[in-house]
Amino acid sequence: MGNIYNYDDFLNEEFFKKIFGKPKKKESSKIEDCVNNILSFLYDNGINTWDDFISSGKFDRDVINRLIDHAAKNKEELKEIRFKVRLELSNTKQLREYIKELEENEEYEKCAQVVKKISNR
């Protein structure tokens, strides 16, 4: 086994595989499930774009809020769910505007995800 020089080395997935025989669990699966459930609900109810989502009715918002309440443990997870839903529902123009907002907040990792989404379209 190699030497551990910093905390990132300690948290390295290979370390967990060597020590415990399996990779560390990803907590994002609950968030991913929540996002998938929200998107499924929205698509089933004719909400296919970010504009449709913003103008959706009270019932739709209540259902989405309940889905989020069951999945999000804290504000960071709530932000992540909102980001992923927005990423899926926004068109290219909206995503480019969103990049500017993310840059202002210095969220460069999310900017990279948005750029990747745009390039995959």
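Predicted model: local features only at pLDDT ≥ 70, side-chain atom pairs only at ≥ 80, totals over all residues.
User: Which secondary structure elements does the protein chain contain, and in what pattern?

Analyst: The protein chain has eight helices and zero strands. Along the sequence, the pattern reads α-α-α-α-α-α-α-α.

User: How is the packing of two helices described?

Analyst: In general, a packed pair is described by the angle between the two axes and the distance between them. Consider helix H7 (residues 92–104) and helix H8 (residues 108–119): their axes come within 9 Å and cross at roughly 165°. Angles over 145 degrees count as roughly antiparallel, and H7 and H8 are therefore roughly antiparallel to each other. The crossing of H7 past H8 is left-handed.

User: Which residues make the contact between H7 and H8?

Analyst: From H7 come Thr 92, Leu 95, Arg 96, Tyr 98, Ile 99, Leu 102 and Glu 103. From H8 come Tyr 108, Lys 110, Cys 111, Val 114, Val 115, Lys 117 and Ile 118. By class, the contact of H7 with H8 comprises nine nonpolar, one polar and four charged residues.

User: How do H6 and H8 run relative to each other, parallel or antiparallel?

Analyst: The axes of helix H6 (residues 75–89) and H8 come within 11 Å and cross at roughly 20°. Since angles under 35 degrees count as roughly parallel, H6 and H8 are roughly parallel to each other. H6 passes H8 in a right-handed crossing. In this contact, Lys 79, Glu 80, Phe 83, Leu 87 and Glu 88 of H6 meet Lys 110, Gln 113, Val 114 and Lys 117 of H8. These residues divide into three nonpolar, one polar and five charged.

User: Is Lys 110 buried or exposed, and which residues does Lys 110 touch?

Analyst: Burial is judged by relative accessible area, with a cut-off of under 20%. Lys 110, found in helix H8, has a relative accessibility of 15% and therefore counts as buried. Leaving aside residues up to four places away in sequence, Lys 110 touches Lys 79, Glu 80, Phe 83 and Leu 102. Of these, Lys 79, Glu 80 and Phe 83 are among the H6 residues that meet H8, while Leu 102 belongs to the H7 side of the contact with H8.

User: What share of the protein chain is buried?

Analyst: Of the 121 residues in the protein chain, 31% are buried.

Notes:
Residues numbered from 1 in each chain as written. Heavy atoms only, no water. Axes fitted to C-alpha atoms, helices over the stretch in contact; angles between N-to-C directions. Helix = DSSP H or I, 4+ residues; strand = E, 2+ residues; numbered from the N terminus. Parallel < 35°, antiparallel > 145°, perpendicular 65-115°, else oblique. Left-handed = near helix turned anticlockwise from the far one by under 90°. Contact = heavy atoms within 4.5 Å. Nonpolar A, V, L, I, M, F, W, Y, C, P; charged D, E, K, R; others polar. Buried < 20%, exposed > 50% of the residue type's maximum accessible area, 1.4 Å probe, protein only.
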